Amino acid sequence: MIETLIVGSGFSALCSYLLLKESNLKILDCTRIKNETKLIRRDNLNINKFFSDNSISYGNFHYELNSKTKIHDRLISGGNTNIWGGFIDIKEVSENYIKILKEHSITFHNLDLDINGYKTNNSSIRQLRDKDNNILNSKKFLKNCISGYLYSFKVEKDKIVTQIFNEKENKFTFLNTKKIILAVGFPQLIDLLFRSGFLDGLKTLSMNEYNHRFILNFSKKLNNLNIGDCVIKYDLIRSIKHFLGYQNSLDKIKFPFPIYIDQFFANNKKFLELKLNCSLKKIIQPENNLKFGDSIHYCNLFIDNMNINDYLLNISKNIIGIGMPFLEQKKPGPISNDIMNDTYMKV
């Protein structure tokens, strides 16, 4: 029996691993799903970019969403760090945690339009990069990984029994652990709770995010901001780089024309409510005109008005959730710092 099983291999998993790597742990890293799991394919939850590893969403629930709402599921090694910008607000992160990242050759780069093509109104925002000067991808740092998919778990008196689909052996196996850290996104979390017998009937699911949009402009300046708003400005090359999911450094390349994309996070929130029907295996969005999810920072999951952390605590004190569903973002902008702080507090 192991001490801890970390489920997932994205940024949340990395944050947990860096704190616990000296202990007896394993990381469950899903790279593909086979038909033996009898899960359904959900193309409307896929999020891929030209240079990213291609992922396909599989799960139990079919999502009926309007065309303006985006829920994402990157079921692949590295999770969202294959496609993200790597931004973090270091002012919101403990110095001890920053020291740990630096010990693993993870660097914090200032945003400078003339040097790397970025600019922000928040002087404490940095870009996380690895020793090769590329945007941080968590899969490059994780060790002790098992290739597999957590299908279900059962809580017993002195252990948690996990049922895992072993990708290499193409069959289900079992692994006993004292503790589970769920470093998974919203769709996979809901599927797992359902398969494990902790979700049934009709449920209301709710999350929130800060308002977010992209704005084309032709000025280096950051104008017309309200108190608390956050903007990250990209020059044209960096905006194309981000759109295509290219994570290698292009710092030496300059674009001479004043064309910019502002990623704008407003200091006000919007809320999404979904209806879950376990018997029909559907998740439906009742409000048809809501735009939601394009920031990929939606968080603070409630199930029937119960916070997801309390929901897990009712199952077992040895099941801990890390990542966006399990926290409330403190202010608009990067959410990676919230993930790090939440991990530090829980793990």
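Which side chain does K178 meet in a salt bridge? Keep in mind as you look that this is a predicted model. The partner is E3, and the N to O distance between the two is 3.6 Å. That falls inside the cut-off used here, which asks for a Lys or Arg side-chain nitrogen within 4 Å of an Asp or Glu carboxyl oxygen. K178 sits in strand β12 (residues 171-182) and E3 in strand β1 (residues 2-7), so this pair ties together parts that are 175 residues apart in sequence.

Now move over to the loops. K139 forms a salt bridge with D53, and their closest N and O atoms are 2.6 Å apart. Here again distant parts of the chain get linked: K139 belongs to the loop between β9 (125-129) and β10 (145-155), D53 to the loop between β3 (40-41) and β4 (58-59), and 86 residues separate them. K139 comes out as partly exposed, at 33% relative accessible area, while D53 is partly exposed at 34%.

Next, have a look at K159, whose side chain meets that of E156 in a salt bridge with 3.9 Å from N to O. K159 has a relative accessible area of 25%, so K159 counts as partly exposed; E156, at 33%, is partly exposed as well.

D89, E92, K330 and K331 are linked in a network of them. Across the model, the count comes to 22 salt bridges.

Terms used: Residues are numbered from 1 along each chain as its sequence is written. This is a predicted model: local features need pLDDT of at least 70, side-chain atom pairs count only at pLDDT 80 or more; totals for chains, interfaces and linings use all residues. Side-chain values use heavy atoms; hydrogens and water are left out. Helices (H or I, at least four residues) and strands (E, at least two) are DSSP runs, numbered from the N terminus. Buried means under 20% relative accessible area, exposed over 50%, partly exposed in between (1.4 Å probe, protein chains only).
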